[in-house]
Amino acid sequence: MKVLVVDDDVVSRMVLMHLIDSCGSFDIVEAEDGADAWQQLEDGLRPAICFCDLRMPRLSGIELLQRVKGHAELNSMPFVLVTSANDKETVLEATRAGAAGYIVKPFQAEQVRVHLVDFLDQAASGYEHLAETPADTLRRLGINGERLIVYLTGFQNQLTAAATDLEAVLAKGDQQDARVRLERLHAGCVTLGLHGAAAALKSFTAERLSNEQVQAVLSDVVRAVIHQAGLVRQEAG
């Protein structure tokens, strides 16, 4: 399975390629910037997923995303933006344009893995996605598939930000604030019909929370959100 990695910074590109390679057996294709990536795509490259830097010369990540979404053979390809922490406004713009999510520099392996999990053997991963069917969620919320994708993508972005925030909160020893934040995320899971993820967030006992424990659960919740968004796209396609 081909994975396209687009970044004009060769060091960042190599680090990201290494992390992808550590997640499983992938055929990684690299592009030195957005223009190079678009040329390869026009020449027939059809990757299963694309990781693309946001800020690049010649053709930015947003511009490449717009071209991909406007291409009949490419518009269903998950497009993950690679960004810095201060690019929140542009990330929101990219979400509205159809980005599947984002990862923040400096990269962490789990950030990358959650976007690849649907391409791995679920049995081997030991993780089971328990959720309401997308059709049932649409009926319950009274929305269409496009709106549900917006909700799921927005929630995924919220989870990514929460992982960083909770690490800081727990480092200060503020257990109560951490539990309040986790309860908000639990409510989001319930609203979106993510039963397994909601149960995982409710699984914390009254014992003292550890950052390792919280980050592991949040990673599973992100995986559940990405998995559910993939199902919604399949049904819409």
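Contact means heavy atoms within 4.5 Å of each other. The model described here is predicted, and the values in this report are computed from it.

**The annotated aspartate**

Leaving aside neighbours within four places in sequence, Asp 53 is in contact with Val 6, Asp 7, Asp 8, Gly 61, Val 82 and Lys 105. The residue lies in strand S3, which covers residues 49-53. According to an unreviewed UniProt entry, Asp 53 carries the annotation "modified residue: 4-aspartylphosphate". Because its relative accessibility is 5%, and buried means under 20%, Asp 53 counts as buried.

In the loop between S3 and helix H3 (61-69) lies Arg 58, whose phi is positive, near 70 degrees, although the residue is not a glycine. Most residues other than glycine have a negative phi. With a relative accessible area of 60%, Arg 58 is exposed, whereas Asp 53 is buried at 5%.

**Helix H8**

Helix H8 spans residues 145-171, and its 27 residues reach 39 Å from the first C-alpha to the last, which is close to the 39 Å expected at 1.5 Å a residue. After H8 comes Gly 173, with a positive phi near 80 degrees.

**The packing of H7 against H11**

Two packed helices are described by the angle between their axes and the distance between the axes. For helix H7 (residues 134-141) and helix H11 (residues 211-236), the angle is about 90 degrees and the axes are 9 Å apart. Angles of 65 to 115 degrees count as roughly perpendicular, and therefore H7 is described as roughly perpendicular to H11. On the H7 side the contact is made by Pro 134, Ala 135 and Thr 137, and on the H11 side by Gln 228, Leu 231, Val 232 and Glu 235. By class, the residues of this contact divide into 4 nonpolar, 2 polar and 1 charged.

**Residues of H11**

Which residues does Gln 228 touch, not counting those up to four places away in sequence? They are Ala 131, Glu 132, Thr 133, Pro 134, Thr 137, Leu 152 and Leu 194, and of these Pro 134 and Thr 137 also belong to the H7 side of the helix contact. Gln 228 itself is placed in helix H11 and counts as buried because its relative accessibility is 3%.

Glu 235, another residue of helix H11, is exposed, with a relative accessible area of 52%. Not counting residues up to four places away in sequence, Glu 235 touches Pro 134 and Ala 135. The C-alpha atoms of Glu 235 and Ala 135 are separated by 8.5 Å, while the two residues are 100 residues apart along the chain.

Ala 229 also lies in helix H11, and at 8% relative accessibility this alanine counts as buried. Its contacts, again not counting residues up to four places away in sequence, are with Ile 149 and Leu 152. Between the C-alpha atoms of Ala 229 and Ala 97, which are 132 residues apart along the chain, the separation is 15 Å.

The table sets out the accessibility of the residues discussed above.

| Residue | Relative accessible area | Class |
|---|---|---|
| Asp 53 | 5% | buried |
| Arg 58 | 60% | exposed |
| Gln 228 | 3% | buried |
| Ala 229 | 8% | buried |
| Glu 235 | 52% | exposed |

Note on methods:
Residues numbered from 1 in each chain as written. Predicted model: local features only at pLDDT ≥ 70, side-chain atom pairs only at ≥ 80, totals over all residues. Heavy atoms only, no water. Axes fitted to C-alpha atoms, helices over the stretch in contact; angles between N-to-C directions. Helix = DSSP H or I, 4+ residues; strand = E, 2+ residues; numbered from the N terminus. Parallel < 35°, antiparallel > 145°, perpendicular 65-115°, else oblique. Nonpolar A, V, L, I, M, F, W, Y, C, P; charged D, E, K, R; others polar. UniProt positions renumbered as here; feature names shortened; annotations may be inferred. Buried < 20%, exposed > 50% of the residue type's maximum accessible area, 1.4 Å probe, protein only. Expected span 1.5 Å × (residues − 1).
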